[in-house]
Amino acid sequence: MAAALSACGHRASTADVAAEDSVDYTTTESPYTVRVDSVDAKPALTIDTIRIERSDKMAEVSLLVQWPTGGDSALVGSVRRFICDVCGIQNAAFKGSRAEWRDVVDAEYNGLVEGWNGTYGDSDEGGPSFSSTTEVVLLAETAGFVTFYGETSGYTGGAHGMAVHVGRTFRKGDGRAIGYETDMDDHFNVEHKDDNLFANTESPALYALIKGGVYSYFKACGQPMADDEELADFLQVDNVNRIPLPGNAPYWTKTGIVFCYTQYEIAPYAAGMITFEIPYKRIREFLTDEAASLIP
C-alpha cells in the first residue's frame, strides 16, 4: 500500500471520483506543464515566463517561474511577494530580472554542491546528485481572482526527498489574498490577519466535506479506505470526523476550492500530499460573503 500511495501521492491523475457518500469531488494534478484556466476578460497581469536549469553529477537545479511584469500594482505586489517566498528570496529589492533569477539558481546550485561534497567528497564512488526543483505558475484566472501555484521539491541525501505544494488566490482590484490565517502567513508576508474564506470553520457539515475529500483522494490512488476505522488507522489525526483544515489555506480554480495537505501533515509520507477539490456548489454555503462573491 505504501508503494502504491507513494507513487500517486504527488501527482494524482485528474479524475471525477465519488467519496463514500457520492459527493462529486475531483482529485487534482500538479501543473508541471503550465495550464491556465481561460478567462473571458482581459488578463489582469502581464507575465514573463522564466525557465532556468543547471546540472552536473553533483547537483541539479530547475526553476520555472511566471513573474508578473505589469498590471494592477497591488495585485502585482501581492503575487511577487508570494513567488519570492516560495523561492526563498529574502531580498526586498528583488525586481525579477533574468540576471537576478540566474543568481538565484546559481546560489541554490552552489549550496547543493557544498552539501554534496560534505556528504560524498571523500568517497571514491560519490553518490546520487542533490536536486532542487521550483515551479511557481499562474494556475487559474477568472473575472474576480487569480490563483498562483507553487511547488518546491528536492533531495539532499537520505531515504527520500521532500516537497511542498502551496497555492494562493488573490482578489483582483486590491490584491488581497483569499484564505485564512495560518502559521505560514508570516512566512508568505500575508497582509491580512483575519478569516475571509470560511464563515464558520466549526461546522460539522464542513468537516464531513473534508473527510469525503480525503476518502476520494485514496480512492483515486487505487487504495480506497473501507470505512472510518481503516481511515483512522492510517491518518495521523485525533478524530477523522474533525480532520483539521490544511496548514496552507485552500486555493481556488474555476470549478472549486482545492485542499492540499503537506507531507506528514495528517498522514505518513507514503500517503503523499492529500489533495482534492470541492466544487463551489458544495462549499459555497460555508464561505464568507466576501469569498462567495468571487465564485465564477
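**Aromatic rings, sheet and loops**

Guide: The count of aromatic pairs comes to 16 in this model, which is predicted.

Visitor: What is the geometry of the pair formed by Phe218 and Phe234?
Guide: The pair is edge-to-face, with 5.4 Å centre to centre and 90° between the planes.

Visitor: Which parts does that pair tie together?
Guide: Phe218 lies in helix H4 (residues 204–220) and Phe234 in helix H5 (residues 228–234), so the pair links parts that are 16 residues apart in sequence.

Visitor: Are Phe218 and Phe234 buried or exposed?
Guide: Both Phe218 and Phe234 are buried.

Visitor: Which residues do ring pairs link into a cluster?
Guide: The cluster consists of Trp116, Tyr120, Phe130 and Tyr155.

Visitor: And what sits over the ring of Tyr109?
Guide: That is the charged end of Arg54, which is 3.7 Å from the centre of the Tyr109 ring.

Visitor: Let us step back. How many helices and strands does the protein chain have?
Guide: There are seven helices and ten strands. The chain has 296 residues, and 50% of them are buried. Among contacts with a separation of 6 or more, 59% are between residues 24 or more positions apart.

Visitor: What about the accessible surface of the protein chain?
Guide: The accessible surface comes to about 13,600 Å², and carbon and sulfur atoms account for 46% of that area.

Visitor: Now the sheet. In what order do the five strands come?
Guide: The order is E3-E4-E5-E6-E7, in an open sheet with mixed pairing. At the edges are strand E3 (45–55) and strand E7 (162–171), each of which pairs on one side only. On average, neighbouring strands of this sheet are turned by 15° against each other, direction ignored.

Visitor: What holds strands together in general?
Guide: Strands of a sheet pair through backbone hydrogen bonds, and the pairing is either parallel or antiparallel.

Visitor: How many bridges join E3 to E4?
Guide: Eleven bridges join E3 to E4, and these strands run antiparallel. The two form a hairpin that has three residues between them. As one example of the pairing, Thr49 has Gln66 in E4 as its bridge partner.

Visitor: Do E4 and E5 run parallel or antiparallel?
Guide: Strand E4 (residues 59–71) and strand E5 (residues 130–141) run parallel, joined by seven bridges. Here Val65 has Val136 in E5 as its bridge partner.

Visitor: What about E6 and E7?
Guide: E6 and E7 run antiparallel and are joined by ten bridges. Gly154 stands opposite Met162 in E7. The hairpin of E6 and E7 has six residues between the strands, and in this hairpin Gly157 takes a positive phi near 100°.

Visitor: Why is E7 described as largely enclosed by the rest of the structure?
Guide: The reason is that eight of the ten residues of E7 are buried.

Visitor: Which strands does helix H2 lie across?
Guide: Helix H2 (residues 73–86) lies across E3, E4, E5, strand E6 (145–155) and E7, and runs at about 170° to E4. Ser78 lies in this helix. Ser78 counts as buried because its relative accessibility is 9%, under the 20% cut-off. Residues up to four places away in sequence aside, Ser78 touches Phe170 and Gly175.

Visitor: Where is Cys87?
Guide: Cys87 is in the loop between H2 and helix H3 (98–120). Cys87 is buried, with a relative accessible area of 16%.

Visitor: What is Cys87 in contact with?
Guide: Apart from neighbours within four places in sequence, Cys87 is in contact with Leu63, Val65, Trp101, Thr134 and Val136. Cys87 and Leu63 are 24 residues apart in sequence, while their C-alpha atoms are 9.1 Å apart in space.

Visitor: One last topic: what is the phi of Tyr264?
Guide: The phi of Tyr264 is near 70°, a positive value in a residue other than glycine. Tyr264 lies in the loop between strand E9 (256–260) and strand E10 (275–279).

Visitor: How is Tyr264 classed by its relative accessible area?
Guide: Tyr264 is partly exposed, because its relative accessible area is 41%, which falls between the 20% limit for buried and the 50% limit for exposed.

Note on methods: Residues are numbered from 1 along each chain as its sequence is written. This is a predicted model: local features need pLDDT of at least 70, side-chain atom pairs count only at pLDDT 80 or more; totals for chains, interfaces and linings use all residues. Side-chain values use heavy atoms; hydrogens and water are left out. Helices (H or I, at least four residues) and strands (E, at least two) are DSSP runs, numbered from the N terminus. Buried means under 20% relative accessible area, exposed over 50%, partly exposed in between (1.4 Å probe, protein chains only). Contact means heavy atoms within 4.5 Å. Accessible areas come from the Shrake-Rupley method with a 1.4 Å probe; for residues, only the protein chains shown count as cover. Two strands pair if DSSP finds at least two bridges between them. Axes are lines fitted to C-alpha atoms, for helices over the stretch in contact, and angles run from 0 to 180 degrees between N-to-C directions. Rings of Phe, Tyr and Trp (its six-membered ring) pair if their centres lie within 6.5 Å; planes under 30 degrees apart count as stacked, over 60 as edge-to-face and the rest as tilted. A charge sits over a ring if NZ of Lys or CZ of Arg is within 6 Å of the ring centre and within 35 degrees of the ring normal.
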